[in-house]
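Me: Take a close look at one residue in this model. Then widen the view to the helices around that spot.

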Amino acid sequence: MRRLLTILLALLPLTEAVAQKCSLNCTLTGLGDGVGVVVCEPHGNRLAPVDTLTPDGKGRIKIERYSNDGDAQFFALALTRPQSPILHVMLLPKEKVNMDIAYNPAHNILQITKVKGSVNMEMYRRYTDIMAEVTANPELQAAMPDAMEALIRGNSKELMSAFLVTYFEAAFDEYYDLYKTVRDSTITRYANNDFVKHVDQKVRSVIAVGSEAPDIVMAGRDGKELRLSDLRGKVVLIDFWASWCRPCRAENPNVVRLYNRYHDRGFEIFSVSLDNNRDAWLRAIEADGLVWSNHVSDLRGWSSAAGRLYGISSIPATVLVDREGRVLARNLRGQQLEQKLKEIFGQ
């Protein structure tokens, strides 16, 4: 029995290391004569070509991949032509996927028209439908975020959702709940996938409503340290902004107005600048009449320690903190911020 156990243990790593094959069969139309398909793989923040395939007389190509760790295979397809559009492909281990892809030269887009064998690629097909519709009808651009959100929420348990949700990366604070939904739906099943890890990290970086606001200790305009915790007992708006941020500067008059209205009732503002130019920061404070004393910055731009602590990925961004130092709300601006302050302080 002991010998058999020893043999089994010796064989276990070999068993785990068996590669699992997945395959993709594509039929492409509309390419034109002499146009090939470039297979690209992610390397850091870019896609690098690794192979070029020539479709057969019926426009068909076949790609086989092997996974040793059980994770999905992720790569992209492009065409051997200038300014080629790109299609992303996600294949789970053992999947055998068939796809029909059409190239539209008038709009320079690749659109998946049919998928068999993959829920993830069916989801991506619907994404290409949205993109094709918006490309053909630019007036629909404003509706695209809603269409994307609906697609992701309706398929949040699929691994592809962890990739497509990055469409909202620049507006992460606004779409935090969507990121969290995707993270919660995928983290158990795909814990080792890079896209899921990224979404998980983004969600974890956010200071949630109801939690204690982490202290910010940072140099003020005169170089002396200011502490967010020194304002305990006040209602505090942590305002992340920068002199170069036009939406921030446009919002500043509203922030000034609300400060003047509620300051005497216990309202304070703790402004954190994501500037990296001291003179520009100080000039903006003066020009916009930001009369409160709590202005801090480490002049590290997007690498600001406070910005990273609070998971700030776009500005303007705000965090409203109650008198006990707990987060009341995030990203209130304009009328929403005014209404919240009315609820706290009364008319």
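Reply: Serine 156 touches Ser161, Thr181, Val182, Ser185 and Thr186, leaving aside residues up to four places away in sequence. Contact here means heavy atoms within 4.5 Å. The model is predicted: local features need pLDDT of at least 70, side-chain atom pairs count only at pLDDT 80 or more, and totals for chains, interfaces and linings use all residues. Residues are numbered from 1 along each chain as its sequence is written, and side-chain values use heavy atoms, with hydrogens and water left out.

Serine 156 sits in the loop between α3 and α4. Helices are DSSP runs (H or I, at least four residues), numbered from the N terminus.

Now the helix pair. α5 spans residues 176–186. The axes of α3 and α5 come within 10 Å and cross at roughly 25°. Axes are lines fitted to C-alpha atoms over the stretch in contact, with angles from 0 to 180 degrees between N-to-C directions. The two helices are therefore roughly parallel (under 35 degrees). Glu149, Ile152 and Arg153 of α3 meet Asp177, Leu178, Thr181 and Val182 of α5.

Note on methods: Parallel < 35°, antiparallel > 145°, perpendicular 65-115°, else oblique.
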